[in-house]
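Welcome! Take a moment to turn the structure around on your screen before reading on. The briefing below will walk you through it topic by topic.

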Amino acid sequence: MHRSRLWIVGFVLVFLLSGCKTNGAAESPNSDRSQKEENTGNHVSEEDSAKEKAEREIFAMDTYMTVTAFGTDAQAAVDAAAAEIERLDLLLSTGNGESEVATLNRTGAGTLTKDTAVLMERSMELYDATGGMFDIAVYPVMEEWGFTTEEYRVPEAEELENLLPLIDASKIQYDEEKARVTFTQPGMKIDFGGIAKGYTSGRVADILREYGIQSAMINLGGNVQVMGTKTDGSKWRIAIQSPDNEEEYIGVLEGADLAVITSGGYERYFEQDGKTYHHIVDPRTGYPAENGLKSVTIVSPDGTLADGLSTSLFIMGPEKAIAFWRKHAEEFDAVLVDDEGHISVTEGIADSFTSDFEVQVIRKEG
Amino acid sequence: MEFLRKISAFAPTLAAVLVTACIGASLSGYETPVYEVQASEPEREERIEEQNTEPEGSFDLENGIYKGTGNGFAGKITVAVEIKDKKIVSIEVLSVEGDDAAFFNRAKSVIDKMIAAQSLEVDVVSGATYSSKGIISAVKNALTGETDDRAMPGAGATAASGGASVGTEDGEDKPSGGENEDPSGSRYQNGEYTASVLCLPDEDEDFEPYHLTLKIKVEREKITEISDIAGDGGPSNDSYIRRAANGTPKIQGVVSQILEAGKPENIDTVSRATCSSTAIIAACQEALKSAEK
């Protein structure tokens with residue numbers, strides 16, 4: 001259902017590669033000014049200290065991540081961020097038999113800790129809001145397709161049919177007070193992969209903020225969250241990848257304090273007998289969603305929401321996705337690419353999105 | 001920045017070619033000569049111990065080239081990762097068991113993005129995924145000295161053993177990446193293109209890895225000119241580069257071979273300059289990639 005679904009244990013170890021304070025390395029080509037300031041070297045004056053930069057590369061949740069922060073405590077902040085990513089990876093990985101989620105899937109019941117309780121609550125909210133399009137219970141079907149192991153296969157229709165009764169998060173009993181979960185059907189399994197990276201980027205932003213960081217960029221395998229503006233006060237420029245060509249962008253969004261999360265069938269897929277099967281599975285059918293969209297980008301200050309809705313709206317297809325946005329326009333904006341390649345953008349970000357292609361603006365009053 | 005972008009243009013396909021000729025037994029002992037190297041590289045084992053005792057500590061690596069292997073789709077995949085200033089500046093796919101073109105294409109895109117996650121115009125790209133089994137773990141392993149082991153406790157074990165009980169043995173299929181072939185038959189845009197590749201010594205040669213840069217001219221689907229061939233490893237390499245490019249009275253140089261063929265395919269290397277030869281061929285292939293429509 002989501003690209004982060006596959007968290008092999010091999011990736012559970014988080015490797016913190018880089019902890020470098022870049023003095024003089026021009027990482028921000030848009031900004032000659034910040035470049036110059038970084039060039040002041042090790043002896044950072046008080047005025048310049050806010051521009052101190054630290055970056056770490058992390059391999060976790062089956063992907064490659066970078067956290068970049070600017071500020072006096074930038075190094076300590078990104079170190080803490082990396083530790084948090086590692087902690088959440090260990091907690092949420094379905095592939096690691098010891099993780100809380102894997103344990104729950106094995107036993108069918110359990111009491112959640114703080115993070116998983118929040119994720120469960122948000123998942124249930126999203127399930128209700130999207131009419132079941134966001135469904136953490138889709139995991140057994142993902143296993144059937146091999147998306148969890150990358151050992152892909154096309155299941156028999158009958159196999160999927162038999163699993164569909166399990167694919168229903170409403171059959172999860174959740175007592176919020178006690179954080180107690182019970183699966184009411186044997187064989188049910190869940191995965192927070194559809195919101196885990198969005199939640200993680202939100203957590204990382206919180207931690208960076210605790211360290212007084214006001215400017216940062218978090219990129220968890222293409223799930224982007226920016227904090228504040230760039231150090232020169234200009235907005236971040238966030239490109240959105242084309243679903244058709246990995247080297248192209250459909251456009252660039254300028255913004256501050258935003259999560260920008262894109263889901264599309266191009267992220268993980270396999271081919272068999274000339275047909276492409278991607279990883280965003282429609283919980284109603286058990287098959288990859290083919291409902292008219294090639295990619296969906298959600299823009300919201302709330303990373304968890306953005307992550308969850310990117311797959312949900314993809315499954316809904318264009319008409320229902322637009323209707324959904326009209327109902328929730330205060331909470332998020334979206335960029336949709338339909339099967340014909342037409343790009344549409346919701347009103348709220350129409351002015352901050354630039355593209356070389358023709359873009360249709362979706363208005364609240366249709 | 002300019003420099004990094006050039007390196008990032010590495011294609012693993014070429015790297016594989018380059019590597020066949022150039023990779024020595026142990027890459028991890030080399031230092032990158034291009035930059036200031038602070039100290040000789042400490043034993044990898046020591047670093048792993050540090051990592052174990054201090055898991056959330058900063059994982060610092062000396063400048064150098066690290067080799068690692070991970071489990072890809074069809075078999076093992078081996079990469080060389082070049083570290084400079086604690087950052088990855090290049091990743092090359094050295095070998096892939098049961099390799100197929102689709103996998104290389106997929107790998108290339110993952111690698112390109114890992115190195116040059118941002119272009120000049122934007123700060124970051126939403127939706128650019130870096131998930132590729134094998135590549136990510138091979139890189140990780142290169143930097144930690146670990147190995148993948150499919151039998152490792154917990155590695156996918158819950159997914160395989162739990163719940164749904166349908167055998168997956170016979171239905172397996174290998175994924176393939178998207179390929180964009182131009183149906184018109186014309187692949188390359190006329191023009192001049194520059195590329196830079198890493199030249200690594202093989203077992204018989206003793207020099208420090210360096211980057212080789214050159215420019216090609218493409219006209220009507222063919223390479224018609226190769227110029228500005230230069231290494232950044234100091235003058236000691238120049239005689240080898242010249243030998244590779246121009247050949248000797250008895251051996252044809254790779255440049256004239258490529259120009260005769262019009263393309264950098266099935267080119268013989270020049271003996272006692274095999275690494276430079278391979279690097280020139282790889283750089284031409286890389287430059288040709290930029291010419292693709």
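## A first look

Glu144(A) is buried, with a relative accessible area of 4%. Its salt-bridge partner is Arg153(A), and the closest N and O atoms of the two are 3.4 Å apart. Arg153(A) is buried as well, at a relative accessible area of 6%. Please keep in mind that this is a predicted model.

**Charged pairs**

- Side chains of opposite charge can pair when their charged atoms come close.
- Over all chains, a search of the whole structure finds 21 salt bridges.
- Lys294(A) and Asp244(A) make one of them, with 2.9 Å between the closest N and O atoms.
- This pair links distant parts of the chain, 50 residues apart: Lys294(A) belongs to strand S15 (residues 293-300) of chain A, while Asp244(A) is in the loop between strand S10 (236-241) and strand S11 (249-255) of chain A.
- Lys294(A) counts as partly exposed, at 22% relative accessibility, and Asp244(A) also counts as partly exposed, at 47%.
- In chain B, Lys263(B) forms a salt bridge with Glu265(B), where the closest N and O atoms are 4.0 Å apart.
- Lys263(B) is partly exposed at 40% relative accessibility, and Glu265(B) is partly exposed with a relative accessible area of 46%.
- Salt bridges can also join into a network, as they do for Glu84(A), Arg87(A), Asp115(A), Arg203(A), Asp206(A) and Arg209(A).

**An enclosed strand in chain A**

- How many of the eight residues of strand S4 (residues 63-70) of chain A are buried? Eight of the eight are, so the strand is largely enclosed by the rest of the structure.
- In a regular strand the side chains alternate between the two faces of the sheet.
- You can follow this in S4(A): Thr63(A), Met65(A), Val67(A) and Ala69(A) point one way, Tyr64(A), Thr66(A), Thr68(A) and Phe70(A) point the other way, and all are buried.
- S4(A) pairs with strand S3 (residues 53-60) of chain A in the antiparallel sense, over eight bridges; one example is Glu57(A), whose bridge partner in S4(A) is Thr66(A).
- S3(A) and S4(A) form a hairpin with two residues between them, and Met61(A) in the turn has a positive phi of about 50 degrees.
- S4(A) also runs antiparallel to strand S8 (residues 215-220) of chain A, joined by six bridges; here Thr68(A) has Met217(A) as its bridge partner.

**A three-strand sheet in chain A**

- Three strands of chain A form an open antiparallel sheet in the order S5-S7-S6.
- Strand S5 (109-111) and strand S6 (172-175) of chain A stand at the edges with a single partner strand each, so one side of each has no neighbour in the sheet.
- From one strand to the next, the twist averages 10 degrees.
- Three bridges join S5(A) to strand S7 (residues 180-183) of chain A, and Gly110(A) stands opposite Val181(A).
- Helix H4(A) lies across S5 and S7 of chain A at about 140 degrees to S5(A), while helix H5 (residues 114-129) of chain A lies across S6 and S7, at about 120 degrees to S6(A).
- Buried residues of H4 (residues 100-107) of chain A include Glu100(A), Val101(A) and Leu104(A); just after this helix, Gly108(A) takes a positive phi of about 80 degrees.

**A three-strand sheet in chain B**

- Chain B has an open sheet of three antiparallel strands in the order S5-S6-S7.
- The edges are strand S5 (191-199) and strand S7 (222-231) of chain B; each has a single partner strand, so one side of each is left without a neighbour in the sheet.
- Neighbouring strands here are turned by 25 degrees against each other on average, direction ignored.
- S5(B) is joined by nine bridges to strand S6 (residues 210-219) of chain B, and Ser196(B) has Thr213(B) as its bridge partner.
- Helix H9 (residues 274-291) of chain B packs on this sheet, touching S5, S6 and S7 of chain B.

**Nonpolar cores**

- The largest nonpolar core has 85 residues, and those touching the most other members include Val67(A), Met120(A) and Ile172(A).
- Helix H3 (residues 74-92) of chain A gives the most to this core, with nine residues.
- Among the residues that Ile172(A) touches are Met120(A), Val181(A) and Ile190(A).
- Apart from this core lies another, of 32 residues, among them Ala244(B), Ile258(B), Ile267(B) and Ile280(B).

Note on methods
Residues are numbered from 1 along each chain as its sequence is written. Chains are lettered from A and ligands numbered from 1 in the order in which they are written. This is a predicted model: local features need pLDDT of at least 70, side-chain atom pairs count only at pLDDT 80 or more; totals for chains, interfaces and linings use all residues. Side-chain values use heavy atoms; hydrogens and water are left out. Buried means under 20% relative accessible area, exposed over 50%, partly exposed in between (1.4 Å probe, protein chains only). Helices (H or I, at least four residues) and strands (E, at least two) are DSSP runs, numbered from the N terminus. A salt bridge is a side-chain nitrogen of Lys or Arg within 4 Å of a carboxyl oxygen of Asp or Glu. Two strands pair if DSSP finds at least two bridges between them. Axes are lines fitted to C-alpha atoms, for helices over the stretch in contact, and angles run from 0 to 180 degrees between N-to-C directions. Contact means heavy atoms within 4.5 Å. A nonpolar core is a set of buried Ala, Val, Leu, Ile, Met, Phe, Trp, Tyr and Cys residues joined through side-chain atoms within 4.5 Å. Lists of a residue's contacts leave out its neighbours within four places in sequence.
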